[in-house]
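Trainee: Please show me how to read a structure like this one.
Mentor: Gladly; let us look at it together.

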Amino acid sequence: MGGPRGAGWVAAGLLLGAGACYCIYRLTRGRRRGDRELGIRSSKSAGALEEGTSEGQLCGRSARPQTGGTWESQWSKTSQPGVCFGNGNSCLRETHPPSGQMHDSVSVQKLIEDLTDGSYDDVLNAEQLQKLLYLLESTEDPVIIERALITLGNNAAFSVNQIPMKLVTGITFAIIRELGGIPIVANKINHSNQSIKEKALNALNNLSVNVENQIKIKIYISQVCEDVFSGPLNSAVQLAGLTLLTNMTVTNDHQHMLHSYITDLFQVLLTGNGNTKVQVLKLLLNLSENPAMTEGLLRAQVDSSFLSLYDSHVAKEILLRVLTLFQNIKNCLKIEGHLAVQPTFTEGSLFFLLHGEECAQKIRALVDHHDAEVKEKVVTIIPKI
């Protein structure tokens, strides 16, 4: 077959093939979207930095976290798409109904699908974030609220975990701040739905890894503390709140806001499960590195069962942290080689527990611990007893 007629048959074949490919594409894409609409993708927890790093990078400025302090992110991304910065500064404004009315149900549904379905694997630009924040502020549907919070948290986590630090300043979590997004997210920690409260706290946690964001988030610290200490023990909300407080205390700037909650922290430490204990200890280690917080820690009324955390059978991740807590407090009691002037501490305080003979005996006994890391820590502490 040749000539013009042959070329015509080839063109027709190509058109038919392209049409078939498009139909298959639409069918598979529709199935993928349908699968996603059956449920909400749960958030994944991952640390932004490994614990024990000597220095952390607070986005926007360099900061040195205390021993045991780490920036903790509640989501991590598995793909690395290109970063979208929006259409310039014109996008960075307080949230309001975006251009193009969204009041009809079809437009709203399309917005929900675009921003909370496909965006799990994409970084939103400024215009998309503006629409998402407007949606979060205007809807009362708990399913949509939760999906929007997860998407915001994922985007903030992407900024922390996967974008080179030299590019971090001014991107996703800064854009969310400039759009007035932090109060919109924080408002959801008042929600009666516990899952929404948790997702809001997780999103704030990811946003808190930035010094300018922390200045706006700090006004919610007291409320977060109240929720942590009055809510159900070992709940997802309590753990999310403790994680946020841990991030907010990596530097010394806002630690003083927890002064009146130190005794409550020790109460949760003693009654919580293993995960709760570890998270409380991370927070206490942040405070224990700051000499300005030492007196408040030592004044805290702590049950004598606290000393059982120094028993040899205690999990290593807990034992190492309580040993470091002891070490940090002892270090802070010394100023330029001599003991600081000590105020009067009441019986039943942490001061009496740490300076008692029972505590000293328990720590000395750990010299024979089976774990080399624990033994090494104890050897460095014994001269301070």
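**Reading the contacts**

Mentor: The side chains of threonine 276 and asparagine 234 make a polar contact at 2.8 Å. This is a predicted model, in which local features need pLDDT of at least 70 and side-chain atom pairs count only at pLDDT 80 or more, while totals for chains, interfaces and linings use all residues. Residues are numbered from 1 along each chain as its sequence is written, and side-chain values use heavy atoms, with hydrogens and water left out.

Trainee: What is a polar contact?
Mentor: A polar contact is a pair of N or O atoms within 3.5 Å. Within protein, one must be able to donate a hydrogen and the other to accept it. Residues adjacent in sequence count only if both atoms are side-chain atoms.

Trainee: Is threonine 276 buried or exposed?
Mentor: Buried means under 20% relative accessible area, exposed over 50%, and partly exposed in between, with a 1.4 Å probe and protein chains only. Threonine 276 has 3% relative accessibility, so it counts as buried.

Trainee: Where does threonine 276 sit, and what does it touch?
Mentor: Its place is in helix H13. Helices are DSSP runs of H or I with at least four residues, numbered from the N terminus. Contact means heavy atoms within 4.5 Å. Leaving out residues up to four places away in sequence, threonine 276 touches Asn234, Gln238, Leu239, Leu242 and Val268.

Trainee: How many residues of H11 are buried?
Mentor: In H11, 11 of 13 residues are buried, so the helix is mostly covered. Among them are Gln238 and Leu242.

Trainee: What span should H11 have?
Mentor: The expected span of a helix is 1.5 Å times one less than its number of residues. For the 13 residues of H11 (residues 236-248), that should be 18 Å. The end C-alpha atoms are 18 Å apart, which agrees.

Trainee: Which residues of H14 are buried, and what covers them?
Mentor: In helix H14 (residues 291-299), Met293, Thr294, Gly296, Leu297 and Leu298 are buried. Their cover includes helix H12 (262-271), helix H13 (274-288), H15 and helix H16 (350-354).

Trainee: Which residues touch the most other members of the largest nonpolar core?
Mentor: A nonpolar core is a set of buried Ala, Val, Leu, Ile, Met, Phe, Trp, Tyr and Cys residues joined through side-chain atoms within 4.5 Å. The largest one here has 85 residues, and Phe266, Leu284, Phe306, Tyr310, Leu323 and Leu354 touch the most other members. H15 gives the most to this core, with eight residues.

Trainee: What does leucine 323 touch?
Mentor: Not counting residues up to four places away in sequence, leucine 323 touches Tyr310, Ile363, Leu366, Val374, Lys377, Val378 and Ile381.

Trainee: How many salt bridges does the structure hold?
Mentor: A salt bridge is a side-chain nitrogen of Lys or Arg within 4 Å of a carboxyl oxygen of Asp or Glu. The structure holds 10. In one of them, glutamate 373 meets lysine 316, with the closest N and O atoms 2.9 Å apart. This pair links distant parts of the chain: glutamate 373 is in helix H18 (residues 372-381) and lysine 316 in helix H15 (residues 316-332), 57 residues apart. Glutamate 373 is partly exposed at 43% relative accessibility. Lysine 316 is partly exposed too, at 35%.

Trainee: Which residues are linked in a network of salt bridges?
Mentor: Glu146, Glu198 and Lys199 are.

How values were computed
Helix = DSSP H or I, 4+ residues; strand = E, 2+ residues; numbered from the N terminus.
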